[in-house]
Amino acid sequence: MDTTATSTQPTASTTPLKVAVILGSNREGRFGPVIADWFLARAARHPGVETDLIDVAEADLPTAITFRPGPEEAARIGAVSERLAAADAFVVLTPEYNHSFPAPLKSLIDWHGPEWHAKPVAFVSYGGISGGLRAVEQLRQVFAELHTVTVRDTVSFHNAGALFDDTGRHLEPGPADAAAKTLLDQLVWWGAALRDARNLRPYGA
């Protein structure tokens with residue numbers, strides 16, 4: 001009889017996926033925290049996912065990437081860099097401003113490089129009649145340059161302010177909840193696959 005002990009150590013495929021959720025707006029009166037709370041609640045129900053919310057308003061990164069940061073700015077950039085590097089996958093929460101995405105979100109993206117490489121990115125968008133989808137399509141081009149894989153399915157909230165009550169509860173949660181599950185299912189598949197691949201062979205960009 002084989003008496004060899006079975007290892008109980010988690011493998012790369014069973015270790016929870018670390019997902020950095022990036023709240024991309026810092027405007028006064030922004031609706032983003034409502035969307036973030038909604039998404040984080042859905043992610044908490046999904047097996048195998050651990051989330052870390054990175055808020056561009058709290059990160060307060062310099063907006064000019066040619067700017068040589070001083071000690072305080074460098075510390076803020078470094079703190080975000082560590083959290084992005086530790087993530088296996090990303091979810092970007094973005095509104096749509098003038099048919100595009102917010103400048104602070106672009107700054108956060110542009111201050112970093114290898115932290116994004118060979119990892120999946122999913123999108124949750126919100127806005128008026130377009131639901132932020134034009135911002136998402138532009139972000140796909142940006143993230144392609146950063147060696148990421150963007151997840152096909154998104155969650156988008158059209159005329160977002162009318163979809164939630166004053167407590168942040170979605171008034172008709174069924175379709176949005178289903179879309180969030182599909183997004184998370186795809187993100188976990190890509191996140192686990194790419195994490196295993198990076199562990200087997202470090203990505204060279």
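Trainee: Which residues does H46 touch, not counting residues up to four places away in sequence?

Mentor: This is a predicted model, in which local features need pLDDT of at least 70, side-chain atom pairs count only at pLDDT 80 or more, and totals for chains, interfaces and linings use all residues. Residues are numbered from 1 along each chain as its sequence is written, and side-chain values use heavy atoms, with hydrogens and water left out. Contact means heavy atoms within 4.5 Å. By that rule H46 touches K181, L184, D185 and V188.

Trainee: Is H46 buried or exposed?

Mentor: Buried means under 20% relative accessible area, exposed over 50%, and partly exposed in between, with a 1.4 Å probe and protein chains only. H46 has 13%, so it is buried.

Trainee: Where is the place of H46?

Mentor: Helices (H or I, at least four residues) and strands (E, at least two) are DSSP runs, numbered from the N terminus. H46 lies in the loop between α1 (32-45) and β2 (49-55).

Trainee: Which residues of α1 are buried?

Mentor: An α-helix has 3.6 residues a turn, so residues three or four places apart point the same way. In α1 the buried residues include I35, W38, F39 and R42. The buried residues of α1 pack against several elements, among them β4 (120-127) and α6 (173-200).
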